[in-house]
Each structure stands twice: as structure tokens, then as C-alpha cells.
Amino acid sequence: MVRPPGGGVPRLGHRLLDEYLEMVSARARANTVLATAFDLKVFFSVVGKSPEDVVGEDVLSFIKEQRQPRRGAEVVRIEDGEAGLSARTIKRRLASVTGLFEYLIVRGVIARNPVPQGLSTRTPSRAVRGVPLIRTPRTLPRVIDPDEADALMRALRTHRDRAMVQAMLLGGLRRCEVLGLRLVDVHPGEKRLFVAEGKGGHQRIVPVSPRFFTTLTSYLELERPDTTSTDHVFIVLKGQRRGRPLSAAGLDEIVAGARRRAGIDHLTCHQLRHTCFTRLREAGMALEAIQAQAGHRSIESTRVYLHLANDWLAGEYRRAVEAIDAQAMQAP
């Protein structure tokens, strides 16, 4: 895969694939285009055929190959018991491949999509229902406890780093949203941030704790170079890239280093976001408000925080049991 300088549309060296990526780039963000290109590269590297020659059997063989053990048959992931790639990864790659073939159908290159939509059920008496080719387990996201969050904050070395982590931990911003913040997006008087580059291109305004703005002010006044030409809030402070926008890899490296110094076994930027919404739910914030804060298009994406907020579940159960007991006591 070739990615042109300056972040242009990646090329795979096949006319149909490159034209499809051009089409995707016109309606999707750069990260989505790059992920789609990688998924297509993996698929056709395994299948070894031109797009117009792919059949359903090739797709099933691809799924089988992706499920093969990556680190030995005895090594499996605890969360799903699989030794190959995760079901979510395989499902995402199939979605990218499906999109390509739907595009080729519209163009008249092929007559039907070779990616099976699912397997029919064996119950003839019921309406025909499809069973997905790939079942993805519904797992709860990991969060860190308050002590770990405090240890992480103490392990961070600059005001910039603390402000970025607080944006995720206190405001629930995604990693890309933190890195995409610009100076005009910061509204300290209102204690709010304008998220101009949210997932799917959606924008929102979110409140963030005053602690974040205090840390951000220290960073802007004491650490951020005055000579930088970019209006990105978070930039590189040292080295050859000093004054340029911080990259996703740079933020991941900062979090990973602080995690090790804090003695935390596992931590990602997305876990900080999950931790934020879990704590907000435990504190009684309405689910619809959390949906708006998170930038979720569907409330179903937000419901996971009901399960993570143990106090909420325990309280709901306790009230239900008390009502049942009261009814039993009143019965003759």
C-alpha cells in the first residue's frame, strides 16, 4: 500500500481498488480511508484474486484464515477465547470488502456481492432470519478506578500531558478529538469545548471540569512555544518536530509511559473516555446527557455505562427487591 506524501488517498496498485478508495475519500475521514485501504490490502493478499473474480468460497476461506492462531493454538484471549484475530476485526474487514463489492455492482463490474450476508436459520415454521457470519461478543469496556486515575495524573510530567489526559478522563473526549482541538475551540469562560472533528464528522459542544481549564492555562502560559505557527492546542514541545501538532502515536506513547510509571497493567486512551462516562453515570448523570457528552448517535451505544456503573445497578435492584418484599408482607 502506497500513501502519497501529505496524507493523500492511499493506493493499492489496482485500478478498481484505487478508484473505490477515491470514492470513499470523498465521503469519509482520512482515518476511515486508511483503515479501508488496509482491510482491502489484507483481503486481496490472502485471496490472491482480482476483485471481479472473487466468489463466496474465497470469502469463507478468508474468514477461516483470519481465525487461525497468531501466537500458537494454546494462546487465546481471555475475553473471547479466540486464538486468531478478534471477531470485531474480522467483521470490520468484511464490512470494508462488502462496501467495495457493492460499489462494483453499481458500476456494473460484477452482478452480485460475493460476501454472504449470513446463514439462514433451520426453523421453517418461522420467518426467515439471517445469522451473521461473524458473531461479535458484547463485552464491557475496561475502566480504571479512582486510585489508578490519581496515580496516572501524578505520573504525567508536563501540564500539556495532564491537560490531554484530563480532556479524556474528565470530558470524555476521544483521542482524535483531543488532538484535533484548536485554540478557537476552547471557551474557558463557559468551561466548554467545541469538538469540531468528532467521529463521523459530527460536531458538539461539551462541558469539561474547571480542573482541566486550570491545567490547560498552565500549559498555554508556561510550556506552549510562542513561535509555533499552528493553531492546534496540543503540540510537540521538544525535538525536531517542536511546535508541530502532536500525533496519535505521540499521545499513545505519553499515556503508555505514564501507565508504566504509575504501575497500571493496562491502559488506553479509550479506557480514559470509558472511565469518564462510567463515573458520570455513577454520579447520577442522565443517560441522555451522557449520550450528548459522548457524541453517540444512538442511545444504544451509551447503555453500556448502565452496566459499568455498579452503584446504579445495585440501587435499582435494591429498590425492586424492597417493593417485592413490601408486596409479600401485605399479602394475606
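How do the axes of helix α2 and α4 cross, and within what distance do they come? The views below take that up first, then move to other spots in this predicted model.

**View 1. Helix α2 meets helix α4.** Helix α2 covers residues 30-47, and its axis comes within 9 Å of the α4 axis, with a crossing at roughly 90°. That makes α2 roughly perpendicular to α4. On the α2 side, look for T36, F38, D39, L40, V42, F43 and F44. Facing them from α4 are R92, R93, S96, V97, L100 and F101. Sort the residues of this contact by type and you get 8 nonpolar, 2 polar and 3 charged.

**View 2. T98 in helix α4.** Staying with α4, which spans residues 87-107, we zoom in on T98. The T98 side chain reaches back to the backbone oxygen of L94, at 2.8 Å. What does T98 touch once its neighbours within four places in sequence are set aside? Its contacts are then N113, V115 and Q117.

**View 3. The open sheet β3-β4-β5.** Here 3 strands line up in the order β3-β4-β5, with antiparallel pairing, and the sheet is open. The edges belong to β3 (186-187) and β5 (204-207); each has a single partner strand, so one side of each has no neighbour in the sheet. Strand β4, residues 192-195, is joined to β5 by 4 bridges, the two running antiparallel.

**View 4. The R11 and E22 salt bridge.** Across the whole structure, a search turns up 14 salt bridges. This one pairs R11 with E22, and their closest N and O atoms sit 2.4 Å apart. R11 is in the segment before α1 (15-25) while E22 is in helix α1 itself, so the pair ties together parts 11 residues apart in sequence.

Technical notes. Residues numbered from 1 in each chain as written. Predicted model: local features only at pLDDT ≥ 70, side-chain atom pairs only at ≥ 80, totals over all residues. Heavy atoms only, no water. Polar contact = N/O pair within 3.5 Å; in protein donor to acceptor, adjacent residues only side chain to side chain. Contact = heavy atoms within 4.5 Å. Pairing = 2+ DSSP bridges. Axes fitted to C-alpha atoms, helices over the stretch in contact; angles between N-to-C directions. Parallel < 35°, antiparallel > 145°, perpendicular 65-115°, else oblique. Nonpolar A, V, L, I, M, F, W, Y, C, P; charged D, E, K, R; others polar. Salt bridge = Lys/Arg side-chain N within 4 Å of Asp/Glu carboxyl O.
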